[in-house]
Amino acid sequence: MNKRQIFIETKEYKRFAEFCGACIKYKYIGICYGLPGVGKTLSSRYYANWDFIERQIAYKTAKEIGVDADERILKARTIFYTAPAVRATKMYSEINLIGGKMRIVKAAYRTIAQGEEEYYSGDAFEDIDLIIVDEIDRLKLQHLEQLRDIYDRNDIALIFIVMPGIEKRLARYPQLFSRIGFAHEFANLSKDETHHILEYKWEELGLSIKLEDFSDYEAITTIIKITKGNFRLIQRLFTQIDRILEINNLETITTEVVEAARDSLVIGIK
Ligand SMILES: Nc1ncnc2c1ncn2[C@@H]1O[C@H](COP(=O)(O)OP(=O)(O)O)[C@@H](O)[C@H]1O
Ligand SMILES: [Mg+2]
């Protein structure tokens, strides 16, 4: 995500947040599946407030711990973890370490901000409700065993973020499959919502283009048709639109510009 870009709380995000809530409530393993680019990773990070937490647990020395934390650290009850592409054997200890560091930062913050006695319990997941593991598709089935182990040993919910179709692979692994309580589809943006975002949320998307830059309604409709509500494609298409406007010294986005942008996209979305 580029710097100016702001997370938009879309309907799909709200549905995802509800799904997380349900998994927490019932302490289930949930599967969230959706096509690449719809916003699964970003939504998970946003739900976990991970941009903030990641910075907090990245301390290098003891002095740094919790100094620029704020109340948000005390509310943090979700771990976001990306399954490693290689060397997945250490997942258990890596996730444990993240949980432990979150506890340490919380304890340090309480001491700094509230003058409370520092207290470290040995349990890394004591105040964790949910662990979201992204890119589960990368893992071999034997590595999922570690996640099942974390789930079984702790009073937590677990969500696997996957590509559609992985259920069939997971079904071959009954020990894990039998523990899956919910499945949730992360869908593309609807036409109406894409429209709304394109019209009113330019700045949040970090795009430099404004509604006035469109020559007509048709150009917007063409964008919606090409991207089919896929967030990543919207971003990519706009990068190309920007380029084409610049190369050709144009100021307005016409249907022709949109189509030229589509044709110059590397990946096939035609
Ligand atoms: N809610 C959102 N608000 C703003 N931009 C978003 C949002 N969701 C996704 N995006 C954009 O779409 C891109 C792809 O999202 P990502 O979460 O990586 O998709 P996925 O994990 O489903 O493949 C992001 O880099 C970002 O540019
Ligand atoms: Mg992703």
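Modeller: Helices here are DSSP runs of H or I with at least four residues, and strands are runs of E with at least two, numbered from the N terminus. On that basis the protein chain has twelve helices and five strands. Keep in mind that this is a predicted model.

First, the setting. The chain has 270 residues, and 30% of them count as buried. Its C-alpha trace spans about 60 × 50 × 30 Å along the principal axes. Among contacts between residues at least 6 apart in sequence, 79% join residues at least 24 apart. The chain is divided into domain 1 (11-185) and domain 2 (191-264). The C-alpha centres of these two domains lie 35 Å apart. Direct contact between them involves five residues of domain 1 and five residues of domain 2. On the domain 1 side, the touching residues are two nonpolar, two polar and one charged.

Now the ligand. Both domains give residues to the shell around ligand 1, so ligand 1 lies between them. There are 16 residues around ligand 1, and Gly39, Lys40, Thr41, Leu42 and Phe231 come nearest. Two elements give two or more residues to that shell: α2 (40-48) and α11 (231-247). By class, the shell holds eight nonpolar, six polar and two charged residues.

That brings us to α11, the helix you asked about. Start with its length. It has 17 residues, and at 1.5 Å a residue these should span 24 Å. The C-alpha atoms at its ends are 25 Å apart, which agrees with that figure.

Next, its sides. Phe231, Leu233, Ile234, Leu237, Phe238 and Ile241 are buried in α11. Viewed down the helix axis, the buried residues fall within an arc of 145°, so they line one face of α11.

The face turned away from the buried side carries the exposed residues Glu246 and Ile247.

Just after α11, Asn249 takes a positive phi of about 55°.

Methods:
Residues numbered from 1 in each chain as written. Chains lettered and ligands numbered in written order. Predicted model: local features only at pLDDT ≥ 70, side-chain atom pairs only at ≥ 80, totals over all residues. Near = placed C-beta within 6 Å. Nonpolar A, V, L, I, M, F, W, Y, C, P; charged D, E, K, R; others polar. Domains from an automatic or database assignment. Expected span 1.5 Å × (residues − 1). Buried ≥ 20, exposed ≤ 12 C-beta atoms within 10 Å, placed from the backbone. Arc of directions from axis to C-beta. Contact = placed C-beta atoms within 7 Å.
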